[in-house]
Amino acid sequence: EAELIHMFKGIPFTTRSSPELLKSLDAFDAREDDVLLVSYPKSGTHWLAGVITKLYDTQVTITSPIEFGDISKLEELNNLSSKRIIPTHLDYNMLPPNFKNKKCKMIYISRNPKDTAVSMYHYYRDNPNLPTIDTWTAFFDLFLKGNVVCGSWFDHFLSWEEHEDDKNILFLFYEDMKKDLPTVVKKITLFLSLNVSEKDIQEICQKSSFSEMKSDTEKENSDPSHTVCALTSNRNLIFRKGAVGDWKNHFTPKQNRRFEEIFNEKMKLSKMAQGFIYEF
Ligand code: A3P
């Protein structure tokens, strides 16, 4: 089971991201109109991807994550003639420099790390591509140490937050989408310069509810090309509960204290994360 994971630049990746691909990412040729959909795993990537693809009336392709696959990936993306929406779980420092130089639009979605940890725990348990985890307690420790796929949540968030003022990056929060999806969608359309009517926005939001998306996935029989997560091609593993605050059903009071201690220490210099975990 050790062979499910390999390290690249100090970060654990599954073997579904080949070392050759990871090494060649720096040479990736971005296009000015590429849109990157960035997240730490389990932050609402599929939800956001579902919304975004519905906003275009022109041909767009949501690709599999840039770090997912083997060396043939770069050519496959090069050969795509339509506009590309490219998901990724990479932290900012590992992103192909071309995306930065060309100032491609990027949307970073994040979620209360307590809920992210719980969601990831269940994902580990259900996903054959990830190592076996025996207990929530064991996973909790691994998560805090950053000893999980894609590395530390804290480092990931901080690497992106450093670019908070970049005009080409939009920061979104899962909890905001839960609270008021239409407002978030409006923000996305402005950011992507898309003209979408209020009525269409309402309709898109209805179609993007947890229950609609879950049942769509069950109907469509899991098309592997629809994955936007580098850790599975099985969409049925994605729609678990879709709630804010599920951490309360998993964290012991002691774990909560420890989590907040580490959060406060690691996120001391973070502006965006202040109050982030206490609100939900
Ligand atoms: P839970 O495991 O807490 O249910 P990602 O797409 O980044 O892998 O994130 C998956 C998480 O987003 C899962 O969280 C999943 O249920 C939730 N999710 C997916 N679609 C959603 C939707 N339409 N509304 C709310 N949450 C959704």
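**Entry 1: the whole chain**

I am working from a predicted model. I looked up the secondary structure and found 12 helices and 7 strands in the chain. Next I checked the radius of gyration, which is 18 Å. The globule rule gives 19 Å for 280 residues, so the chain is as compact as a globular protein of that length. Along the principal axes, the C-alpha atoms fill a box of roughly 50 × 45 × 40 Å.

**Entry 2: burial and contacts**

I looked at burial across the 280 residues and noted that 55% count as buried. Then I turned to contacts between residues at least 6 apart in sequence. Of these, 72% join residues at least 24 apart.

**Entry 3: helix 9 and helix 10**

I picked out helix 9, residues 181–191, and helix 10, residues 198–207. At what angle do they pack? I read about 120 degrees, with the axes 10 Å apart.

I then listed the residues that make the contact. Helix 9 brings Leu181, Pro182, Val185 and Lys186. Helix 10 brings Glu198, Ile201, Gln202 and Cys205. Sorted by class, the contact of helix 9 with helix 10 has 5 nonpolar, 1 polar and 2 charged residues.

Note on methods. Residues are numbered from 1 along each chain as its sequence is written. This is a predicted model: local features need pLDDT of at least 70, side-chain atom pairs count only at pLDDT 80 or more; totals for chains, interfaces and linings use all residues. Side-chain values use heavy atoms; hydrogens and water are left out. Axes are lines fitted to C-alpha atoms, for helices over the stretch in contact, and angles run from 0 to 180 degrees between N-to-C directions. Helices (H or I, at least four residues) and strands (E, at least two) are DSSP runs, numbered from the N terminus. Contact means heavy atoms within 4.5 Å. Ala, Val, Leu, Ile, Met, Phe, Trp, Tyr, Cys and Pro count as nonpolar, Asp, Glu, Lys and Arg as charged, and the others, Gly among them, as polar. The radius of gyration is taken over C-alpha atoms; the globule rule is 2.2 Å times the number of residues to the power 0.38. Buried means under 20% relative accessible area, exposed over 50%, partly exposed in between (1.4 Å probe, protein chains only).
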